[in-house]
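Hi everyone, thanks for coming.

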Amino acid sequence: EVQLVESGGGTVQAGGSLRLSCAATGYTYSTYCMGWFRQAPGKEREGVARIDVGANPVYADSVKGRFTISRDNAKNTLYLQMNNLKPEDTAMYYCAARRPTTWSQCRYGSQDGFDYWGQGTQVTVSS
């Protein structure tokens, strides 16, 4: 059974940092495309960052230069380092996994193409 469990969320002041983790079990982690997504109250879910099996990242424009996605295949864990947080980053953050696919689909395909999702971890940034 595939499981994704996020942790590391919390409340932080603007300008602060958080590091999210996503522990993956139940599949061959190293072969899956991984991503972080977020959903704020009253808004649609949006992509934050993705990373392919070669550890090549792609970011949403809103987080470029502030967030860093990484993966540790030995630990089956995905990370999201978030620096210089802003109030508009407040949301529930989800990690997701996509079965082996092309480089292009991993990085630019619809988020509906992700097969497995975690339960989310809340990030709140106060001004």
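A disulfide here is a pair of cysteine sulfur atoms within 2.5 Å. By that rule the structure holds 2 disulfides. Please keep in mind that this is a predicted model, where local features need pLDDT of at least 70, side-chain atom pairs count only at pLDDT 80 or more, and totals for chains, interfaces and linings use all residues. Residues are numbered from 1 along each chain as its sequence is written, and side-chain values use heavy atoms, with hydrogens and water left out.

Now, which cysteine does cysteine 22 bond with? Its partner is cysteine 95, with the sulfur atoms 2.0 Å apart. The torsion about that S-S bond is about 40°, so this disulfide is right-handed. Cysteine 22 sits in strand β3 and cysteine 95 in strand β9 (residues 91-98), so the pair ties together parts 73 residues apart in sequence. Strands (E, at least two residues) and helices (H or I, at least four) are DSSP runs, numbered from the N terminus. Both cysteines of this pair are buried, meaning under 20% relative accessible area with a 1.4 Å probe, protein chains only.

On to the other link: cysteine 33 is joined to cysteine 106, S to S 2.1 Å. Cysteine 33 belongs to strand β4 (residues 33-39) and cysteine 106 to helix α1 (residues 103-108), 73 residues apart. Cysteine 33 and cysteine 106 are buried too.

Back to β3 for a moment. Cysteine 22 is the bridge partner of glutamate 6, and 5 bridges join β1 to β3 in antiparallel fashion; strands pair if DSSP finds at least two bridges between them.

Notes
Buried means under 20% relative accessible area, exposed over 50%, partly exposed in between (1.4 Å probe, protein chains only).
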